[in-house]
Amino acid sequence: MPLEKIFVTRHGFRSNWTVDPATGIYAASIPSPTGIPADPALTSHGVQQSKELARHLMDLDPPIDLVYSSPYYRCLQTISPYVELRKQRRAEGVQPPLDTTIRPEFGLCEWFGSAPFDHPQPASPHILKAMFPAYDEDYVSGVVPSSKGETLVQLYERVARGLRAIIDRCDAENKRSVVLCSHAAVIIAIGRILTGQVPESPDTEDFRAFTCGLSLYTRDPAEHGASVDKPANYLFPAIGRWNCELNGDCSFLSSGEERGWCFSGDESFPGTGSMTQVDGSPKL
């Protein structure tokens, strides 16, 4: 039984960080639980969003089979209330046994622009397991983003490799549906990769990335394993035909659509031969 549905959500409203583009030094006014400035926790509002998302995900039919997440704290924190509800329902025998782990997929990691310095990395599995008991230490991601960041094309390629691995594994495990929790740039890249709809301009507003918004991609059963018709700028491997059924839906969130994001020009840093970030402000 091949994978049929991919649900995609962005992390909830988080606290901010800054980076000095000249030195590569990251800072945050509110300390991160992991001690990494670019790895902030959710705000109290973000926590409320995550709980609303969890209740909504529990109402889906058929139930989601697996949970994948970026290994950054804000994503794990966002998807954890849903996993906790799955555990509760399993213990109560209300639903068939559900997997209650979170698979940390590095293909879903934050996007940092190409830079001459090293960007912060997620905390170690040992640290994250202590904070999130559902964290699956046995899961091994085959994708490792460059510590020096990525160009937009490299982002597409990395996300495509991560998606291909997720889809192949779900197919092999006979899973029907999966939810992925990630970051704004990756959310948009996922939509473009799954549908093959890659705009000429990266800042085209197409796939929406609101905090805790939910998108749904369904597989065309007649096209399982088929290649997509590639536009000239389709630079990553084809992974079959997927249709976008929901695009950043926030109808289940009490505050609706918030903190939308889209690409805006080149996100690279000085010294990489590209446009520079001049304000040092966080964007994802």
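Author: Two strands count as paired if DSSP finds at least two bridges between them. Strands (E, at least two residues) and helices (H or I, at least four) are DSSP runs, numbered from the N terminus. This is a predicted model, in which local features need pLDDT of at least 70 and side-chain atom pairs count only at pLDDT 80 or more, while totals for chains, interfaces and linings use all residues. Residues are numbered from 1 along each chain as its sequence is written, and side-chain values use heavy atoms, with hydrogens and water left out.

Reader: In what order do the six strands of the open sheet lie?

Author: The order is 5-4-6-1-7-8, with mixed pairing. Strand 5 (103–104) and strand 8 (242–249) are the edge strands, each pairing on one side only.

Reader: Which way do strand 1 and strand 6 run, and how many bridges join them?

Author: Strand 1 and strand 6 run parallel, joined by six bridges. In this pair, Phe-7 stands opposite Val-179 of strand 6. Strand 4 also runs parallel to strand 6, with four bridges between them, and there Tyr-68 faces Leu-180 of strand 6.

Reader: In what sense do strand 1 and strand 7 pair?

Author: Strand 1 and strand 7 (residues 214–219) are antiparallel, with five bridges. Val-8 has Ser-215 of strand 7 as its bridge partner, and Phe-7 stands opposite Leu-216 of strand 7. Strand 7 and strand 8 are antiparallel as well, again over five bridges; Arg-219 has Trp-242 in strand 8 as its bridge partner.

Reader: How do I read the two sides of a strand, and which residues of strand 6 lie on each?

Author: In a regular strand the side chains alternate between the two faces of the sheet. Buried means under 20% relative accessible area, exposed means over 50%, and partly exposed lies in between (1.4 Å probe, protein chains only). Strand 6 has Ser-177, Val-179 and Cys-181 on one side and Val-178, Leu-180 and Ser-182 on the other, all of them buried.

Reader: Which residues of strand 7 point each way?

Author: Leu-214, Leu-216 and Thr-218 point one way and Ser-215, Tyr-217 and Arg-219 the other, and all are buried.

Reader: What lies across the sheet strands, and at what angle does helix 2 run to strand 4?

Author: Angles are taken between N-to-C directions and run from 0 to 180 degrees; the axes are lines fitted to C-alpha atoms, for helices over the stretch in contact. Contact means heavy atoms within 4.5 Å. Helix 2 lies across strand 1, strand 4 and strand 6 and runs at about 165 degrees to strand 4. Helix 4 lies across strand 1, strand 4, strand 5, strand 6, strand 7 and strand 8, also at about 165 degrees to strand 4.

Reader: How many residues has helix 2, and what span is expected of it?

Author: The expected span of a helix is 1.5 Å times one less than its number of residues. Helix 2 (residues 73–92) has 20 residues and reaches 29 Å from its first C-alpha to its last, close to the expected 28 Å. The bend at a residue is the angle between axes fitted to the seven residues ending there and the seven starting there. Helix 2 has a kink of about 35 degrees at Ser-80, shortly before the proline Pro-81. After helix 2 comes Gly-93, with a positive phi near 70 degrees.

Reader: What covers the buried residues of helix 2?

Author: The cover includes strand 1 (5–10), helix 1 (44–58), strand 4 (66–69), helix 3 (125–131) and strand 6 (177–182). Among the buried residues of helix 2 are Tyr-73, Leu-76 and Ile-79.

Reader: And helix 4: is Tyr-156 buried or exposed?

Author: Tyr-156, which is found in helix 4, counts as buried because its relative accessible area is 7%. Tyr-156 and Ala-185 are 29 residues apart in sequence and 9.7 Å apart in space, C-alpha to C-alpha. Helix 4 has 21 residues and reaches 30 Å from first C-alpha to last, close to the 30 Å expected. Just after helix 4, Asn-174 takes a positive phi of about 60 degrees.

Reader: Which residues touch the most other members of the largest nonpolar core?

Author: A nonpolar core is a set of buried Ala, Val, Leu, Ile, Met, Phe, Trp, Tyr and Cys residues joined through side-chain atoms within 4.5 Å. The largest has 35 residues, of which Ile-6, Tyr-68, Leu-180, Ile-190 and Leu-194 touch the most other members. Two or more residues each come from strand 1, strand 4, helix 4 (152–172), strand 6 and helix 5 (184–195). Helix 5 gives the largest share, nine residues. A second, separate core of 31 residues includes Ile-64, Tyr-82, Val-179 and Phe-210.
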